[in-house]
Amino acid sequence: MSTLSERLHRGAATAPSQVDHARRLVADWQLLADLAFADLTLWVPLRTGAWWCVAQVRPLTAPTSQPEDLVGSEADGPDADPFRLAHREGRPVTEGEPDWSGASPRRREVIPVRHDGVVVAVLAKDTNLAVTRSPSTLELTYLDIAADLCLMVSAGTFPPEKLLDAEMSPRVGDGLVRLDAAGRAVYASPNALSAYRRLGVTGDLFGTDLAKVTRAASSDRVAGEAVAATIAAAVAGRFPDPTDVVGRSATLLVRALPLQAPGAEEGALVLVRDVTDLRDRDRALLTKDATIREIHHRVKNNLQTVAALLRLQARRMTEPAARAALEESVRRVASIAVVHETLAGSREDVVDVDDVLDQVLPMLGDLTSIGPAARTRRVGAFGELPAATATPLVMAVTELLHNAAEHAFPADGQPGSIELVAERDGDDLVVRVRDDGQGLPEGFDPAGSDGLGLQIVRTLVSSELGGSLLMRTPEEPPGPGRPGTEVVLELPGAGHPRR
């Protein structure tokens, strides 16, 4: 299925600003569908003369009148006449007779979607006529607000220029307050009254200046001023960002938007949602995140202390083998410390492996002390991986690079190069460490090798990463006169790289 932007570009109106306007409408039109108790579909004209449905939403406040999926369907002939009329004349068009052909009768109104004076699409609003409702004040208010918003869509003043997070925005059923041109509440839904009760407001909201009432109920003076300014901005005709207001026992998310339909009474719509539990969880997560990052920071400091102690001990060793063993331990501990340092600065339990390796590779600059100078370079991207995968992977790669530098090139020979390659095949990660050195010794069996470095790599790859290790001579020699060596780590399900 193509994306909404791709479907919009197929229509006759393909200017980027027009596509963005239609995308913003679709992002915010659940509000309109719920207020109108109607299904909404967005249609764009094709160059063939037909009309194409690019998006659809159903109301949460009423049964649907369009149970079938209309996205991707085309309308032509008499069925498209209301679309053509609304598009040509730039005004809402209501079909004369209800449509009785479906499972339930419905009435359709077609609203032109205008942007910068140009009608770029049409919005079909289908109301299910089989549902009988008592004409309550709540329903009449909903329908009245929906009519104003439809006129604003037709005039090009809705949706707002800024794309909102539809998942976080309050919905109609969470709580709704309608304001007049002076900012006074002329209607508050039962859920809105309950939300303000939890905020600490007593008495009815009807006739009150909502901005002043909300500011007075806020336990935070700065937040209270901000939410009051939000409501006042909507009354003045602007689209402010949603704002939190914190009371004695509740936190409300307040979204205000203007109602300034041509020929209708001006005012504003205020939606409120009780987000007390959500904000408490957010604060708990922030505290937990800070604690975890502090733990990583302390682990990194402790590992660096251990590495420093090992380095001091190595300098006091007179036995070359013992000194070399301690220096290798310093390198291994330092590699783990780099991973924890990265985690200490991250807000997620993921590691940018490329960044870690770029810090580890210079640490291998002492390779000249264990063999001829070797150029090391990285090809491809590892991306971001979970910490549980990144730590053993970095250790294994470090061991293999060190092993290649130590054994690939003869002490009296020419310097060579070592290449670290990262390749991805779906969810699988393949890591190759290859050199252009003298190759594997005759009869060498990596599975039976008693070298500590290879034992560490085998353990990490099989136990920690659930992968496989292969050492071989490349089919194509990487350098003149030398067979070279290639080590392949295959790590199934290592996870997608995250950017």
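Colleague: Which residue in β8 is the bridge partner of Val-177?
Modeller: This is a predicted model, where local features need pLDDT of at least 70, side-chain atom pairs count only at pLDDT 80 or more, and totals for chains, interfaces and linings use all residues. Residues are numbered from 1 along each chain as its sequence is written, and side-chain values use heavy atoms, without hydrogens and water. Helices (H or I, at least four residues) and strands (E, at least two) are DSSP runs numbered from the N terminus. For Val-177, the partner in β8 is Ala-188.

Colleague: How many bridges join β7 to β8?
Modeller: Two strands pair if DSSP finds at least two bridges between them. Strand β7 covers residues 176-179 and runs antiparallel to β8. The number of bridges joining them is three.

Colleague: Which strands stand at the edges of the sheet?
Modeller: The open sheet has five strands, paired antiparallel, in the order β8-β7-β11-β10-β9. Each edge strand has a single partner, so one of its sides lacks a neighbour in the sheet. The edge strands are β8 (185-188) and β9 (243-246).

Colleague: How far apart are the axes of α2 and α4?
Modeller: Helix α2 (residues 16-36) packs with helix α4 (residues 137-155) at about 145°. Among the residues that meet are Leu-25 in α2 and Tyr-142 in α4. The axes are apart by 8 Å.

Notes:
Axes fitted to C-alpha atoms, helices over the stretch in contact; angles between N-to-C directions. Contact = heavy atoms within 4.5 Å.
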